[in-house]
Amino acid sequence: MADTKLSNKDIRWSLHGMNALGGTRGIGHAIVEELTEFGAAVHICARNEQDINKCLEEWKSKGFNVTGSVCDILHSDQRERLMEIVASIFEGKLNILVNNAAMSITKKIIDFTADDISTILGTNYESCYHLCQLAHPLLKQSGYGSIINISSIASSKAIPGLSVYAASKAAMNQLTKNIALEWAKDHIRANAVASGPVLTPLLEALMKSPGGTEVVNEVVSQSPISRFGEPKEISSLVAFLCLPAASYITGQVLYADGGPALLSPEMSCGVYGSDPDEEEKDLLNYGLTITSKGNEALLKELDEFLQLNNAKDKSQICDMVAIARYLNVTLIVPELDKALFWDDPSCSLRIMSATHKLENVWVFTLCW
């Protein structure tokens, strides 16, 4: 029977003949399945041999080409041993390295210990850095290398309690860019995928920590899609970045987060004068759209609140609300010493206490 040859188009959208190193849990589990479905052979690692065996049994029943070995990537000697195993299995070549392992501790900045910081940075960043170093000769030898680092929107957004985790992911993003720059000559690409809140064991553990559920729900609420992501929604992007079809993409941090990261820092805030017509023009200049939706109940509730709190400049505040109520924005209101939150789908307006005020100037912050 004659061999079936892939067309040029099929080759660009296939990982047949390629191999990869990945993980077993959460997003990592979904990535393994995605890569094998595109034809790649995959080696997995995890700290728990039972987890590995369970995954291997599952994937064997699906006909996937997956092998596995035990490794705690927090320890450099185990990382070195892992890469020796990978080199042996894949005959000295590696096409795809996925750095997906991560851990987090939720605390206030003042409460983090040296051990906390060392463990988080060691797991999330140092291991990633070292595995890239160890994998370099294998990736180079393959003639087509791709590194995918699984980052997070926490790398570009301040989220309460996640200062060290966020720093580790921001460092990962920068490492991705430097690898892309230095190793392009070796035919190695590097990209990072920054995910939003995705239902994984890591996120579930975070939500069980004090205040974790509130923090995560707040992040989700700022997404236009307004829901948790699924591991397969991240793994599909990872697989694409590994394909020959994506061969011109390198050094990028791609966000799969439901939308909030699309808002650039320059658009995250602006200062506008107290004339409603001027504010409307300025807001429109930022590419926002004013709809015809109104909310008289909101204005009434605001008016009652201002009266109860003897707030000053009520007419100016209401003028700003008249503009803001049509937009998905945060209106920072001076003279109020508590925050009000409306959950109204017609305007999603939040009126919050101000930290400062300039003469006849109100501060708007976009809220997604």
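In the predicted model, helix α2 (residues 27-37) and helix α3 (residues 49-61) pack against each other at an angle of about 30°, and their axes lie 12 Å apart. Because angles under 35 degrees count as roughly parallel, this pair is described as roughly parallel. The crossing in which α2 passes α3 is right-handed. On the side of α2 the contact is made by His29, Val32 and Glu33, and on the side of α3 by Cys55, Glu58 and Trp59. Sorted by class, the residues of this contact comprise three nonpolar, one polar and two charged.

Helix α2 also packs against α9, here at an angle of about 50° and with the two axes 8 Å apart. The two helices are therefore oblique to each other, and the crossing of α2 and α9 is again a right-handed one. From α2, the residues Ile27, Ala30, Ile31, Glu34 and Leu35 take part in the contact, while α9 contributes Pro231, Lys232, Ile234, Ser235, Ser236, Val238, Ala239 and Cys242. Nine nonpolar, two polar and two charged residues make up the contact of α2 with α9.

These helices belong to a protein chain with 12 helices and 12 strands. Of the 368 residues of this chain, 46% count as buried. Among the contacts in the protein chain with a separation of 6 or more, 69% are accounted for by residues 24 or more positions apart.

In soluble globular proteins, nonpolar side chains tend to be buried together. In the present model, the largest nonpolar core has 30 residues, and those with the most contacts inside it are Leu15, Leu35, Ile44, Ile148, Ile150, Val193 and Val238. Two or more residues are given to this core by each of α2, β2 (41-46), α3, β4 (96-99), β5 (145-152) and α9 (231-242). The largest share, six residues, comes from α9. Leu35 and Val238, both listed among the residues with the most contacts inside the core, also take part in the contact of α2 with α9.

Serine 127 counts as buried, since its relative accessibility of 2% falls under the 20% limit. When neighbours within four places in sequence are left aside, the contacts of serine 127 are with Ile73, Arg79 and Gly122. Cysteine 132 likewise has its place in α5, and with a relative accessible area of 1% this residue is buried. The C-alpha atom of cysteine 132 is separated by 7.8 Å from that of leucine 97, although the two residues are 35 residues apart along the chain. Leu97 is also one of the contacts of cysteine 132 beyond four places in sequence, the others being Asn99, Ile147, Ile179 and Trp183.

Phenylalanine 228 is found in the loop between α8 (212-221) and α9. With a relative accessible area of 23%, phenylalanine 228 is partly exposed. Its C-alpha atom is separated by 5.6 Å from that of proline 197, a residue 31 residues apart from it along the chain. Beyond the neighbours within four places in sequence, phenylalanine 228 is in contact with Pro197, Leu199, Leu203, Met207, Val216, Asn217 and Val220.

Positive phi values in residues other than glycine were noted in two loops. In the loop between α4 (76-89) and β4, glutamate 91 has a phi near 55°, and with a relative accessible area of 70% this residue is exposed. In the loop between α6 (163-183) and β6 (188-195), the phi of histidine 187 is near 60°. Histidine 187 is exposed as well, with a relative accessible area of 54%.

Conventions
Residues are numbered from 1 along each chain as its sequence is written. This is a predicted model: local features need pLDDT of at least 70, side-chain atom pairs count only at pLDDT 80 or more; totals for chains, interfaces and linings use all residues. Side-chain values use heavy atoms; hydrogens and water are left out. Axes are lines fitted to C-alpha atoms, for helices over the stretch in contact, and angles run from 0 to 180 degrees between N-to-C directions. Helices (H or I, at least four residues) and strands (E, at least two) are DSSP runs, numbered from the N terminus. Angles under 35 degrees count as roughly parallel, over 145 as roughly antiparallel, 65 to 115 as roughly perpendicular and the rest as oblique. A crossing is left-handed if the near helix is turned anticlockwise from the far one by less than a right angle, and right-handed if clockwise. Contact means heavy atoms within 4.5 Å. Ala, Val, Leu, Ile, Met, Phe, Trp, Tyr, Cys and Pro count as nonpolar, Asp, Glu, Lys and Arg as charged, and the others, Gly among them, as polar. A nonpolar core is a set of buried Ala, Val, Leu, Ile, Met, Phe, Trp, Tyr and Cys residues joined through side-chain atoms within 4.5 Å. Buried means under 20% relative accessible area, exposed over 50%, partly exposed in between (1.4 Å probe, protein chains only).
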